[in-house]
Amino acid sequence: QVQLVESGGGLVQPGGSLRLSCAASGISFTIYTMGWYRQAPEKQRELVARFRSDGSTHYADSVEGRFTMSKDNAKKTVYLQMNSLKPEDTAVYYCNANYVAYNYWGQGTQVTVSS
């Protein structure tokens, strides 16, 4: 059974930081493309960051320079370090694992940036 379990969301003031984690189980972690997406109220889900096949990381323009995605293969966990958070970063953040036709989502974790 495939599971992606996110954690680390919460309420933070503008300019603050959070680190999200996504623990994966039931998949061959190293062959899946891992990514982070987010969905704000009444908006479509959008890509935040994703590992490329060459090992580099793609970031959405809106988070470039503020967010950093990393992973620990031994722990089958990916992270999203979010710095200089803005109110417009408020959303539910989802972890995604993709390999060919296989596509899995976590349950999401709420991030709220507000003073």
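**View A. Contacts around S21.** Leaving aside neighbours within four places in sequence, S21 touches V5, E6, S7, W36, T77, V78 and Y79. Contact here means heavy atoms within 4.5 Å. The model is predicted, so local features need pLDDT of at least 70 and side-chain atom pairs count only at pLDDT 80 or more, while totals for chains, interfaces and linings use all residues. Residues are numbered from 1 along each chain as its sequence is written, and side-chain values use heavy atoms, with hydrogens and water left out. S21 lies in strand β3. Strands are DSSP runs of E, at least two residues long, numbered from the N terminus. S21 is buried, because its relative accessible area is 16% and buried means under 20%, with exposed over 50% and partly exposed in between (1.4 Å probe, protein chains only).

**View B. The open sheet that holds β3.** Four strands make up this open sheet, in the order β1-β3-β8-β7, with antiparallel pairing. The edge strands, β1 (3-7) and β7 (67-72), each pair on one side only. Neighbouring strands of the sheet are turned by 15 degrees against each other on average, direction ignored. Such angles, on a scale from 0 to 180 degrees, are taken between N-to-C directions of axes, which are lines fitted to C-alpha atoms. Two strands count as paired if DSSP finds at least two bridges between them. β1 and β3 (residues 18-25) are joined by five bridges in the antiparallel sense. S21 in β3 is the bridge partner of S7.

**View C. Strand β4 and its two partners.** β4 (residues 33-39) is mostly covered, with five of its seven residues buried. Seven bridges pair β4 with β9 (residues 91-99) in the antiparallel sense. β4 also runs antiparallel to β5 (residues 46-51), joined by four bridges. G35 has N96 as its bridge partner in β9. In β5, R50 stands opposite G35. The hairpin of β4 and β5 has six residues between the strands, and E42 takes a positive phi near 65 degrees there.

**View D. A nonpolar surface patch.** I31, Y99, V100 and Y102 form this patch, with about 420 Å² of accessible area together. Accessible areas come from the Shrake-Rupley method with a 1.4 Å probe; for residues, only the protein chains shown count as cover. Patch residues have over 30% relative accessible area and no salt bridge, and nonpolar side chains (Val, Leu, Ile, Met, Phe, Trp, Tyr) are joined within 5 Å. A salt bridge is a side-chain nitrogen of Lys or Arg within 4 Å of a carboxyl oxygen of Asp or Glu. Y102 is found in strand β10 (residues 102-105). Y102 is partly exposed, with a relative accessible area of 47%.

Terms used: Patches are made of residues with over 30% relative accessible area and no salt bridge: like charges are joined within 9 Å, nonpolar side chains (Val, Leu, Ile, Met, Phe, Trp, Tyr) within 5 Å.
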